[in-house]
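Student: Please take a close look at one thing for me: how neighbouring pieces of this chain pack together. Go step by step, and keep it plain.

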Amino acid sequence: MGSMFRSEEMTLCQLFLQSEASYACVSELGELGLVQFRDLNPDVNAFQRKFVNEVRRCDEMERKLRFLEKEIKKDGIPMLDTGDNPDAPAPREMIDLEATFEKLENEMKEVNANSEALKRNFLELTELKHILRKTQTFFDEAELHHSQALHDPSLTEENLGLLGEEAQRTGQALRLGFVAGVILRERIPAFERMLWRVCRGNVFLRQAEIDNPLEDPVTGDQVDKSVFIIFFQGEQLKSRVKKICEGFRATLYPCPETPAERREMAIGVMTRIEDLNTVLSQTQDHRHRVLVAAARNIKVWFIKVRKIKAIYHTLNMFNLDVTQKCLIAECWCPVGDLDRIQQALRRGTERSGSSVPSILNRMMTKQVPPTYNRTNKFTQAFQNIVDAYGVASYREVNPALYTIISFPFLFAVMFGDTGHGIIMFLFALGLVLKEKQIQAKKIDNEIFEIFFSGRYVILLMGAFSLYTGLLYNDFYSKSVNIFGSSWYPVDPQTNQTYTLKTLNGSENLVLDVRTSYVIGPYPFGLDPVWSMSKNKITVTNSIKMKLSVILGVTQMFFGVALSLVNNRYFNKAINIYCEFIPQVIFLFCMFGYLIILIFVKWTTFTYKDTGNAPNLLIGLINMVLFAYSDTAQPSVRPFYSGQKGLQIFLVLLALACVPWMWFTKPFLLRHWHRYGQFKHQQLSVQSGDLVNHAQEVNHGDGGTMAAGELTDSEEEFNFEEVFVHQSIHTIEYCLGCISHTASYLRLWALSLAHAQLSEVLWKMVLHIGLAMDHGILGAFVTVPLFAFWAVLTVVVLVVMEGLSAFLHALRLHWVEFQSKFYSGEGYKFQPFSFENMMEYAIED
């Protein structure tokens, strides 16, 4: 836990790598994942760096792999993922990989082109087949109508020829031209209107739908089409019709005029379709075999290419020495892992066959190192909660260690219900027990990923909620009589036990504490008799409100104590004497004293003192206002000797702490700078001792850090800025002590809201079925009511109320707790690691 308490000690190192060994050494460091490289060429364009050609080659290989992956997914072929993590291939293997990918891409493009051409031919033949069938039907209908017109002169003009009665009288056989084709079904109405308007009604259109949808050879989508035939007379109309067909992207096909020719063409079309089906099937089989073979290795190929690209991208951050034979790099790394880094460099040198060893040299620097907190799968979620507020400054106390316990506990104080805690605990326990299977499935759902990554947080929240639910004696809003109640139904007037007849016939019965409270305190938690009491909320509110204040002030005291740990570690003596000590005194005089009064009231006053017990809230207000009166009500009068003098002393001491925090530090700093005594005092910018100066951390040979060493550039001192900064800090702390204490009352408020909402849901839903006297009817009604109650319990009380309590616990940690000691002005250690690149491509 040492690394959780404070971030790892970091050092800036310089690497000297031989050109032939640099690739292998960086590859080993990427597998290790403990080195964060600095860009030594920030002013050099990305296209002007040494290994830009290699990076481009990797980009091209990635493009080809994405093309193959797209084709594999299009065919629905599963990609084999064995979880292997192959080493980065040697530079000479890039040529083999490029040749393999080039061959696969060309083969797939050729197969796709052939397949598209075959599908286009197949589509044309299929459309021609439907045209021949439908047009034959049109002509058969025309012959039938013509024969009917010859034998029955009384037919209406609808059944006459296109030119009307004049052609019938002359008896001339007029020959009409026609064109046939296929068009998208949704374009038919507009197509028909356009023909009518342009040709002025001098054309005759027949159309019929194709029953089965046809496949588009380019997109692969299924489209609905219709066959049409247009009759017209004259070349002018023929030209207009063809232009309209071209505008509507209709496909025209040749259609013979005689039935025999149409029949002969149809036979030829069917033969060609059968041949095309055979060729298409063989083409698809070949495509499938190629993609199946690629699917076996594509995941491994992606990993290899991304590792190569990451290595060359990192090498582009290095500098070349004057001999052009050595690469120079700078990197941040943990001091405790220098031996492992040295071993990785040796392995890389041996792999490359270089005879010159790589050199790792620690450097002296004044730059602030990155913050590196070692985590595991359990502590990572809690560290993320802290980092969401701000990454810890280098080597300051890490709140995540205490958040592991305090965060789920404060959540449980607001969410205390044993039943709801069991649901949350079992859900998280299932995620924990099945975590390996879930990780193997790689579920791509953002909301589920949030719950899964926080499974250990939810597990502890459920466990603590179960515990606080037992304290509150709440199990789905019902109390459980585990140890037997300490109260007995005794009539205070007759001192006799209430009879069953009296209990069933009365709604309002009073239990006198002097006669009914006979055993003593309930062994654990709240006595179950309070669940039947009408003044339950009054009693529980008093307890929970006081507990909220106690927990809040205790956590704030702990936060101030952690600031002492930070100040001692960074040798900030002035912060201890000018900030920590007055802060503790101020907080104790105002709210530490209130906590003592709460415990005194609990231990000193009994039921016999009802009405005479002190009202702590009114007493605290009178203490600040110096309002004391011997004639006031007993609940607001002093209840111990010397109370008035002690409270006046505490208020005056708290007021004295304000100028102590406000003025002492700025004027002391000005005195030291003015009279040359500042050089004997170690200070740091992080605490606000200096303003407008770069943070400095010096790395000694032994790896120790000395913060705040003075340089010539720090001789300038701006008193106004320091004074304003200290004024803001003092006002924020003094007002924050009051507002933060009041903010902790949300523990009581949300606990009350959760308990009342649970009780209302029970009474208005499930209690209806359980209260029915009829057995069979009650059973039938209870089953759906129970299902409805269970759904609302999970959705509203567990999920929504749980999210609300989570957000409030988050605020209490970020604002009320961490503001006492945590600056959060660091930047995260982001090592060069292949593990982080398994799922995401490298971004330049």
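Tutor: Start with one term. Two residues are in contact when heavy atoms of theirs lie within 4.5 Å. Keep in mind that this is a predicted model.

Helix α10 covers residues 380-389, and helix α11 covers residues 400-414. Four residues of α10 take part in the contact list: F382, Q383, I385 and V386. Across from them, α11 supplies A400, T403, I404, F407 and P408. How do the two axes meet? They come within 9 Å and cross at roughly 100°. Angles from 65 to 115 degrees count as roughly perpendicular. So α10 and α11 are roughly perpendicular to each other.

Helix α22 spans residues 719-743, and its axis comes within 11 Å of the axis of α19. This crossing is at roughly 25°. An angle under 35 degrees counts as roughly parallel. That is why α19 and α22 are described as roughly parallel to each other. Their crossing is right-handed. From α19, the residues in contact are E579, Q583, V584, F586, L587 and F591. They meet Q726, H729, Y733, C734, C737, I738 and T741 in α22. The residues of this contact divide into 8 nonpolar, 4 polar and 1 charged.

A loop links α18 (536-569) to α19 (573-604), and N571 lies in it. The phi angle of N571 is near 60°, which is a positive value in a residue other than glycine. Is N571 buried, partly exposed or exposed? Its relative accessibility is 42%, so N571 counts as partly exposed. Compare another loop, the one between α15 (455-472) and α16 (500-505), where Y476 sits. Y476 also has a positive phi, near 55°, and is not glycine. Here the relative accessibility is 17%, so Y476 counts as buried.

Next, strands. Strands of a sheet pair through backbone hydrogen bonds, either parallel or antiparallel. In this model, 4 strands form an open sheet in the order β4-β7-β3-β8, and the pairing is antiparallel. Which strands stand at the edges? They are β4 (204-209) and β8. Each has a single partner strand, so one side of each is left without a neighbour in the sheet. From one strand to the next, the twist averages 25°.

Stay with β3, which runs from residue 177 to residue 184. On one side, 8 bridges join β3 to β7 (residues 225-232). L184 has K225 as its bridge partner in β7, and F178 stands opposite F231. With β8 (residues 251-253), β3 pairs over 3 bridges. How enclosed is β3? Of its 8 residues, 6 are buried, so β3 is largely enclosed by the rest of the structure.

Where does a helix meet this sheet? Helix α7 (residues 235-247) packs on the sheet and touches β3, β7 and β8. The direction of α7 makes about 165° with that of β7.

One more helix residue is worth a look. L625 lies in helix α20 (residues 616-625). Is L625 buried or exposed? At 58% relative accessibility, L625 counts as exposed. The C-alpha atom of L625 is separated by 9.6 Å from that of I648, a residue 23 positions away along the chain.

Step back to the whole chain. It has 24 helices and 13 strands. Of its 844 residues, 44% are buried. Residues 24 or more positions apart account for 81% of them.

Key:
Residues numbered from 1 in each chain as written. Predicted model: local features only at pLDDT ≥ 70, side-chain atom pairs only at ≥ 80, totals over all residues. Heavy atoms only, no water. Helix = DSSP H or I, 4+ residues; strand = E, 2+ residues; numbered from the N terminus. Buried < 20%, exposed > 50% of the residue type's maximum accessible area, 1.4 Å probe, protein only. Pairing = 2+ DSSP bridges. Axes fitted to C-alpha atoms, helices over the stretch in contact; angles between N-to-C directions. Parallel < 35°, antiparallel > 145°, perpendicular 65-115°, else oblique. Left-handed = near helix turned anticlockwise from the far one by under 90°. Nonpolar A, V, L, I, M, F, W, Y, C, P; charged D, E, K, R; others polar.
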